[in-house]
Amino acid sequence: MTSLRSQAGGVTLLHIAVVGMSLARTLGAWLYSKHQVDLQIENRFETAKKRTINLIIDRMSRYEDALWSGVAHLETRKSETTPQDWSLFANALKIEKKYPGVNGIGVIYYVDQYNQSQYIAARAAELREFSVYPPHNQEFMLPITFIEPIDINARAVGLDVAH
């Protein structure tokens, strides 16, 4: 029995040092591996973030082009466009296909208090129901005058975004 104790109880400083160094190396390897994985995750995130930002910039640029084309349309028509003209223009843009996420494209005129009656008369001459809403106390109006596609945006026509 004494020989078993001497063999089993022979834990020396060398054994403790070997186990301690093994634990230290294992911990070091784990920390290094964790750091490398964290770097890979961060790099993937940064790459995905940059790609997403570039896609958003590209999409917004396309939307901006559509808006500028609307401005060009109005400029060439001397701002005397009709609902039918705007419909033809907007349909030519193929909004649903080329600009996913855009619910519609419209025209908002700035109408100061001195030109409100002229503006309302011009809308009445278009032979369509049109009223500006909601009432407010601003000295100007910014009503949505034309919008396409009209079927899903009809309720927006006349909305005064200055309210």
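Modeller: Before we start: a residue is buried under 20% relative accessible area, exposed over 50% and partly exposed in between, using a 1.4 Å probe and protein chains only. This is a predicted model, where local features need pLDDT of at least 70 and side-chain atom pairs count only at pLDDT 80 or more, while totals for chains, interfaces and linings use all residues. Residues are numbered from 1 along each chain as its sequence is written, and side-chain values use heavy atoms, with hydrogens and water left out.

Colleague: Is Asp65 buried, exposed or partly exposed?

Modeller: Asp65 belongs to helix 2, which covers residues 13–76. Its relative accessibility is 46%. That value falls between the 20% and 50% limits, so Asp65 is partly exposed.

Colleague: How far apart in space are Asp65 and Thr52?

Modeller: In sequence, 13 residues separate the two. Going C-alpha to C-alpha, the distance between Asp65 and Thr52 is 20 Å.

Colleague: Stepping back, how many helices and strands are there in the chain?

Modeller: Both kinds are DSSP runs numbered from the N terminus: helices are H or I with at least four residues, strands are E with at least two. Along the sequence they follow α-α-α-α-β-β-α-β-β-α. That makes six helices and four strands.

Colleague: And what is the radius of gyration of the chain?

Modeller: The radius is taken over C-alpha atoms, and the globule rule is 2.2 Å times the number of residues to the power 0.38. For 163 residues that rule gives 15 Å, and the chain is well over it, so it is more spread out than a compact globule. Its C-alpha trace spans about 115 × 35 × 25 Å along the principal axes, and the radius of gyration is 35 Å.

Colleague: What percentage of the residues of the chain count as buried?

Modeller: We apply the cut-off of under 20% relative accessible area. Of the 163 residues, the buried part is 23%.

Colleague: Is His73 buried or exposed, and what is its relative accessibility?

Modeller: His73 also sits in helix 2. Beyond its neighbours within four places in sequence, it is in contact (heavy atoms within 4.5 Å) with Thr81, Asp85, Trp86 and Phe89. Among these, Asp85, Trp86 and Phe89 are buried residues of helix 3 (residues 83–93). His73 counts as buried, at a relative accessibility of 13%.

Colleague: What covers the buried residues of helix 3?

Modeller: Pro83, Ser87, Ala90 and Leu93 are included in that buried set. Their cover includes helix 2, helix 4 (95–98), strand 1 and strand 4.

Colleague: Which residue in strand 4 is the bridge partner of Ile108?

Modeller: Two strands pair if DSSP finds at least two bridges between them; strand 1 (residues 105–108) and strand 4 run antiparallel and have four. Five of the five residues of strand 4 (residues 144–148) are buried, so that strand is largely enclosed by the rest of the structure. The partner of Ile108 is Ile144.

Colleague: Where is Pro149 found?

Modeller: The peptide bond leading from Glu148 to Pro149 is cis, with omega near -5°. Pro149 is in the loop between strand 4 and helix 6 (150–153).

Colleague: What is the relative accessible area of Leu127?

Modeller: Leu127 lies in the loop between helix 5 and strand 3. It has a positive phi of about 55° although it is not a glycine. Leu127 is exposed, with a relative accessible area of 80%.
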